[in-house]
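Please keep the sequence and the structure in view while reading.

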Amino acid sequence: YVSLSKGATAVELMNAVGYDAVTLGNHEFDYGFPQLKANLSYSAADFLVTCVNLVDDEGAPIFAPGATAPVTDADDNPLFNLTVMGVATPETQTKANPALMKGLTFLSGQKLYDAANAKIKVAREEGNADIVIALTHLGVDASSEPNRSIDFVKNVPGVDIVIDGHSHSVITAGPNGEAIQSTGTAFANIGVITIDNATKKIVGNELKGIWHKEKVEGKDVTVVDYKTRDEKVAAAAKAIIDPIDKAYGEKFAVSKVTLNGAKAPDGNRDSETNLGDLCADAYRILLGA
């Protein structure tokens, strides 16, 4: 739904939802870095974009390496100082189009750990940070070692908890009890972190499922509980979705066989499939091969 705008409408919807801070995942670079910068410019994004390990040719962070701000109660009385720090997977340089990543370096391994530790030291000493939360797009897959969230918390002890992504895991802790939480994918869960205002410490974290099944036009579909939906956000989403549905809803061909649309196993990510062959043939025709 955001492809035609090259990601810009995703930012519009995030503004409507009211994000406070985000980090970057590999798909944020699908339309190239210049487009990403335009989408996340100060005039476009109403939220903090933080990434401690994305640097330019001179080694300088391109986005804020982190930020510290006071958290207050309903009467604006200060409770504690919270630091958020973003980390993007170094796999971005190979999982996005390399031609669109020129001039970018994703610090990895020890260089990533050093950059994060340095930022936390400044936050603790100069920003008086009570709690440090890392927003990471690293994941826990073995293939991502040494740049997994598990590796990160082991080597960056100043982080109080990691809110992770990338591997689509549903976890409230790492395999050895590491302070890592990940909500899965497709908005399957809401992550909750509980902070004690008196001790200024994280005292718990959990996942809360928000989905239920109901019949829609005779079919089982997964839908959000509309009793709690925000009408402003729903309207903003409708304004993006409806024109795309109208433009791309026209039937132009029919397959006489069932096409394999699975990812894996025995799908398009690990095998030859009839859907993959169809797409490859279409590319050949379009390119005149």
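The sections below cover a sheet, a helix pair and the nonpolar cores of this predicted model.

## The sheet

Strands of a sheet pair through backbone hydrogen bonds, either parallel or antiparallel. Here six strands form an open sheet with mixed pairing, in the order β4-β5-β7-β8-β10-β9. The edge strands, β4 (67–72) and β9 (170–171), each pair on one side only.

Strands β5 and β7 run parallel and are joined by seven bridges. T83 stands opposite V132 in β7. Helix α4 lies across β4, β5 and β7, and runs at about 165° to β5.

## A pair of helices

Two packed helices are described by the angle between their axes and the distance between the axes. Helix α1 (residues 8–17) packs against helix α6 (residues 231–248) at an angle of about 170°, and their axes are 9 Å apart. Because angles over 145 degrees count as roughly antiparallel, α1 is roughly antiparallel to α6.

On α1, the contact is made by T9, L13, A16 and V17; on α6, by V233, A236, A237 and I240. Seven of the contact residues are nonpolar, one is polar and none is charged.

## The nonpolar cores

The largest nonpolar core has 23 residues, and M85, L112, F152, V156, V159 and V162 have the most contacts inside it. At least two residues each come from β5 (78–88), α4 (109–125), β7 (131–137) and α5 (149–155). Helix α4 gives the largest share, six residues.

Another core, of 18 residues, lies apart from this one; its members include A45, C51, A96 and F106.

Terms used
Residues numbered from 1 in each chain as written. Predicted model: local features only at pLDDT ≥ 70, side-chain atom pairs only at ≥ 80, totals over all residues. Heavy atoms only, no water. Axes fitted to C-alpha atoms, helices over the stretch in contact; angles between N-to-C directions. Helix = DSSP H or I, 4+ residues; strand = E, 2+ residues; numbered from the N terminus. Parallel < 35°, antiparallel > 145°, perpendicular 65-115°, else oblique. Contact = heavy atoms within 4.5 Å. Nonpolar A, V, L, I, M, F, W, Y, C, P; charged D, E, K, R; others polar. Core = buried A, V, L, I, M, F, W, Y, C linked by side-chain atoms within 4.5 Å. Buried < 20%, exposed > 50% of the residue type's maximum accessible area, 1.4 Å probe, protein only. Pairing = 2+ DSSP bridges.
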